[in-house]
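Please keep the structure at hand while reading.

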Amino acid sequence: MKATIALLPGDGIGPEIVTQARRVLEKVAQNYGHTFEMPEFPIGGNAIDSFGNPLPDQTLEACRKADAILLGAVGGPKWDDPSAKTRPEAGLLRIRKELGLFANLRPTKTWDELLDASPLKREIVGGTDILFVRELTGGIYFGESGRQAHQSGEQAWNTMIYSTGEIERVVRVAADAARKRRGKLTSVDKANVLEVSRLWRQVAQRVVSTEYPDLQYNVVLVDAMAMHLISKPREFDVVVTGNLFGDILTDEASMLPGSLGLLPSASIGSSGPGLFEPIHGSAPDIAGQNLANPLATILAAAMLLRQSLNLTAEADSIEAVVGSVLKDGHRTKDIAGSGSWIGTREMGDLIVNRLS
Ligand code: IPM
Ligand code: MN
């Protein structure tokens, strides 16, 4: 197969981890006789510095034409000034919107080898395997917002808004995924308070009962979900929710396996290329020091091969090697606890060597 994978390294540790994922993809291409073209494009803070725009036109155009996109991370203190006219994160939000990537898949699975890295008890988190499906191009992230003068100074607002169609399509993605997994779907909302959540609940209920009656379905309020996630995470299979709730719950859930450094994510639309990235941020405090964990990005590359290019055996081979490296006790600093650890590059070397 010949495929173009647009690489968007971004800021902070982004370039280091994407470099390791690129090496892994090159190795897989060689093993299976594929040709992957992997041109790199700017996004985020570095793109603001060079082009005054966190998502330059050339980046967006190249992504539209690519078969899939692999992103590192964006953002950093250098671009954090609240009065700045644009921010790195705006580039990420815009690429999601422009490419119609409305469903964000965030699998959260504990690795038995790493249970001790979790801040939670082994008996509680062991065996957790949840797929979060977060709506990604709507809700409060994209609703009307503004600021205006107020007697106390100023007031500011954002609007959480969802339409029937936006809810239907993301619920279908989640329900389809549940059918291929354990057949359980949980929808998370705040329908006891928010009108937008009452619409969400009504639409989700209808889609599931008419199109997916075979699924075991329930609804949970977001505050209760925050609690259940750390008290009984094993009970959940697929969880579908809106943009903001999904943002928060997936960071919370990332602590179940112990480190953000292990979790990949896929953002997909109804057509066109998908975007794959680690769920962690740009970690500017450790950037450039060979300390970052490249595994989330390497696992994101595996998701990319499976979901966008249909290369199942290739994706399996990466995941199996990551599992074997962890089993043999190799750790980057974030998951080492008080034990010894290796650097970003050395972790990449191990994965590449074992793929041979
Ligand atoms: C994420 C991130 C982004 C989000 C930020 C960087 C805009 O936290 O992908 O979860 O809030 O969606
Ligand atoms: Mn987030």
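Is the crossing of α10 and α11 left-handed or right-handed? The crossing is left-handed, a term for a near helix turned anticlockwise from the far one by less than a right angle, with right-handed used if it is turned clockwise.

This is a predicted model, in which local features need pLDDT of at least 70, side-chain atom pairs count only at pLDDT 80 or more, and totals for chains, interfaces and linings use all residues. Residues are numbered from 1 along each chain as its sequence is written, and side-chain values use heavy atoms, with hydrogens and water left out.

**Helix pairs**

- The axes of α10 and α11 are 7 Å apart and meet at an angle of about 160°; the two helices are therefore roughly antiparallel (angles over 145 degrees; under 35 is roughly parallel, 65 to 115 roughly perpendicular and the rest oblique).
- Contact, meaning heavy atoms within 4.5 Å, involves Leu-295, Ile-298, Leu-299, Ala-302, Leu-305 and Arg-306 of α10, together with residues of α11 including Thr-312, Ile-318 and Leu-326.
- The residues of this contact of α10 with α11 comprise 9 nonpolar, 1 polar and 4 charged (Ala, Val, Leu, Ile, Met, Phe, Trp, Tyr, Cys and Pro count as nonpolar, Asp, Glu, Lys and Arg as charged, and the others, Gly among them, as polar).
- Helix α6 (residues 164–180) packs on helix α7 (residues 195–211) at an angle of about 45°, with axes 9 Å apart, which makes α6 oblique to α7.
- The crossing of α6 with α7 is right-handed.
- Among the residues that meet are Ile-167, Val-171 and Arg-179 in α6 and Trp-200, Val-203 and Glu-211 in α7.

**Buried faces of helices**

- Helix α8 (residues 222–231) has Val-222, Met-225, His-228 and Leu-229 buried (under 20% relative accessible area, with exposed over 50% and partly exposed in between, using a 1.4 Å probe and protein chains only).
- These residues lie on the same side of α8, because they cover an arc of only 105° around the axis.
- Their packing partners are β5, β8, β9, β10 and α9.
- In helix α12 (residues 344–354), the buried residues are Thr-344, Met-347, Gly-348, Leu-350, Ile-351 and Val-352, and their cover includes α1, α10 and α11.

**A buried strand residue**

- Leu-275, in strand β12 (residues 274–278), is buried with a relative accessible area of 0%.
- Apart from neighbours within four places in sequence, Leu-275 is in contact with Ile-69, Leu-71, Ile-95, Leu-101, Ser-265, Ala-266 and Ser-267.
- Leu-275 and Met-303 are 28 residues apart in sequence and 9.9 Å apart in space, C-alpha to C-alpha.

Technical notes:
Chains lettered and ligands numbered in written order. Axes fitted to C-alpha atoms, helices over the stretch in contact; angles between N-to-C directions. Helix = DSSP H or I, 4+ residues; strand = E, 2+ residues; numbered from the N terminus. Arc of directions from axis to C-beta.
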